[in-house]
Amino acid sequence: MTETAYAQLLDLGAGLVLVCAFVVVWRRGLVAIVRALAVQGFALAAVAVVLGVHQHALEPVVVAALVVAVKGVAVPRVLLRVVRSGGEARESDPLINIPTSLVGAAVLTLVAYATTRGVVAVSPSPATRAIPIGLAVVLIGFFVLASRRKAITQVVGFLLIDNGIALVAFLATAGLPLVVELGAALDLLLAVLVLQVLAARMRTKFGGLDLDQLQELRD
Amino acid sequence: MSRAVVGFLQVVVLVAGAPILAGLVRKVRARLEGRAGPPIAQPWRDLRKLLGKERIVPEHTSWVFAVAPLVVMCSVGLVAAIVPFASTRTPFGSAGDLFAVVYLLLLGTVFLALGGLDPGTAFGGMGASREMTLAALAEPTVLLAVFALSVPAGSSNLSAIVAATLAHPARVATLQSVLALAAFAVVTLAECGRLPVDNPSTHLELTMIHEAMVLEYAGPDLALVELASAMRLAVFAGLLANLFFPWGIATTTSPLEVVLGMAALAGKVACLGVALAVFEVFVAKLRLFRVPELLAASFVLAFLAVTASFFLT
């Protein structure tokens, strides 16, 4: 793989991760949002594979397989099951309307690019130059977490943060040890499974997944 | 051949070819929907029929109504002359600037909206207001999307951008050009009034945008408006083809190369037309209030393309 092809593939992979984050902000249908998250998992794995091929190392490729299994397949499947088990399958009334959210996410991306210039300048390489994208995905994750009402979209926001952190980890280090990746992936899966149970309980109690109804404590 | 001849040829080919492109899109769409569809040359026959009719102008309209079709036609014709379609050696050289092209196209949109407002009918006003709302959202996206390409090329001149992409073919697959391509494709649908933004074949008053504006035009005026909107689609398709896939375009003004460039452009635009028809079969029209969300998304894509071309390379 030539240097330019490596840099371009890395950019395209990282760019796809970012575009998926924007799709989560843009779409209202929960199914479409979960699908975007699945595609983001695959894009993340593609970045790991490109890095592995470039470094002639096997470990990033194994990590990529793990990422596909957990973030590309298992987690989206659990989330889709929660979406399809009833209730309104749309983020019908976000706290910030969609065009404003998109502009907000664009501004956050710009903030991420601007603030990480110093970090990139420490050791400029194709991999470190894509780090701002990871930070942008983290910020967009926080934004989704803060501006959406449904439990599913909030979890998706949390997963966006996780994907952003994973992207930064891939790009900044030569690759985390496999044990750490395995631990993080299992944690994530566990968190989503707990959410599934929680969502089922919420639905039986309140008939929906709108978190605005969880503001008061009762005994 | 001089540059002026190249520009003139581009206009002739575009005027002749644009209705054929519209006919091709209709034909492919009809076939995919299981209909026979009108012949590909049908738009030309319609134009000939309209041109043979008497010119009828509604009472109480001003000169704006009469001038609007001419302005629309001239602006899109001028764009056809100065944009690198067949050769990167275009007439007026550096005037074939991204900003000039975008604002010439906007001039046509604005005059068509004025022509819709002038007779004072309800539908004309409604169509004009909708068209301007969409134009205000779509125009900056066109600028930003092409701007993302002009950053690596180091010039906002469209010919220079095309020549730079020809010199560095690897730039076609960079992140910024992929994002800019997506944004430009969405905005082409909006600017040319195609699905899912506007339905070009509808005559249902409550949903139409472009058709509502031109409701009062008849005869030769209508022929001009129809020809100009077909040319608008061809111009946007040609820009999309040559900015993002510039292969085949001539870099000199030798007659053979220019003819080959024309043929390459016709092939690329025909492919885009077929792709558009296939796409239109599968999508439904968006509600008008959802359209800003789509255009905001394409604006953000273009914005990401520009930031990527500044920060990632």
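Let's start with the nonpolar core. The largest one has 175 residues. A nonpolar core here means buried Ala, Val, Leu, Ile, Met, Phe, Trp, Tyr and Cys residues joined through C-beta atoms within 7 Å. Buried means that 20 or more other C-beta atoms lie within 10 Å of the residue's own, with C-beta atoms placed from the backbone. Among the residues with the most contacts inside this core are Val17(A), Val47(A), Ala145(B) and Ala302(B). Helix H9 of chain B, residues 219–244, brings the largest share, 16 residues. Helices are DSSP runs (H or I, at least four residues), and strands are too (E, at least two), numbered from the N terminus.

A word on the source. This is a predicted model: local features need pLDDT of at least 70, side-chain atom pairs count only at pLDDT 80 or more, and totals for chains, interfaces and linings use all residues. Residues are numbered from 1 along each chain as its sequence is written, and chains are lettered from A in the order in which they are written.

Now chain A. Nine helices, zero strands. Its radius of gyration, taken over C-alpha atoms, is 18 Å, close to the 17 Å from the globule rule for 219 residues, so chain A is as compact as a globular protein of that length. That rule is 2.2 Å times the number of residues to the power 0.38. Buried residues make up 45% of chain A.

Last, where the chains meet. Chain A puts in 18 residues and chain B 17. Contact means C-beta atoms, placed from the backbone, within 7 Å. On the chain A side, H1(A) gives the most, eight residues.

Terms used: A residue is buried if 20 or more other C-beta atoms lie within 10 Å of its own, exposed if 12 or fewer, and partly exposed in between; C-beta atoms are placed from the backbone. Two residues are in contact if their C-beta atoms, placed from the backbone, lie within 7 Å.
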